[in-house]
Amino acid sequence: MLLSVETLQLIGFAVLGVASVVWVIGLLRLLRREERRAAAGRDGRALLDRVPRQTGPAGPPAECVELTAAEREAFALLVRQLTRRR
């Protein structure tokens, strides 16, 4: 060991070194955990990518149906009933 360095300084240096190693290990574990979570999220998204698009040029054409006045009124009544329950 260094002869010009006092014992307390050597102890402090050793504690600082151990704390640095513990910090690096903790940081690496945290990064691995986040990487696993991100990989799990990508797997779920990969499943969704397998579903064909439902709109746009690759999907079926959009449909539009004109409602009669009675149907529009019935729909408006249904919406009012559903929003009242909240």
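## Surface and overall make-up

The accessible surface of the protein chain, calculated by the Shrake-Rupley method with a 1.4 Å probe and with only the protein chains shown counting as cover for residues, comes to about 8600 Å², and 64% of this belongs to carbon and sulfur atoms. The model is predicted, so local features need pLDDT of at least 70 and side-chain atom pairs count only at pLDDT 80 or more, whereas totals for chains, interfaces and linings use all residues. Residues are numbered from 1 along each chain as its sequence is written, and side-chain values use heavy atoms, with hydrogens and water left out.

Buried residues (under 20% relative accessible area, with exposed meaning over 50% and partly exposed in between, for a 1.4 Å probe and protein chains only) make up 1% of the 86 residues in the protein chain. The chain has two helices and zero strands, both being DSSP runs numbered from the N terminus (H or I of at least four residues for helices, E of at least two for strands).

## Surface patches

Patches consist of residues with over 30% relative accessible area and no salt bridge, like charges being joined within 9 Å and nonpolar side chains (Val, Leu, Ile, Met, Phe, Trp, Tyr) within 5 Å. A nonpolar surface patch is formed by Trp23, Val24, Leu27, Leu28, Leu30 and Leu31, which together have about 570 Å² of accessible area. Val24 lies in helix α1, which covers residues 7-49, and is partly exposed at a relative accessible area of 39%.

Arg29, Arg32, Arg33 and Arg36 form a positive surface patch, where Lys and Arg count as positive and the place of an Arg charge is taken as CZ. Arg32 is also located in helix α1, and its relative accessibility of 52% makes Arg32 exposed.

## The salt bridge

One salt bridge (a side-chain nitrogen of Lys or Arg within 4 Å of a carboxyl oxygen of Asp or Glu) is present in the structure. Its partners are Arg80 and Glu73, whose closest N and O atoms are 3.5 Å apart. Arg80 is partly exposed, with a relative accessible area of 39%, and Glu73 is partly exposed at 47%.
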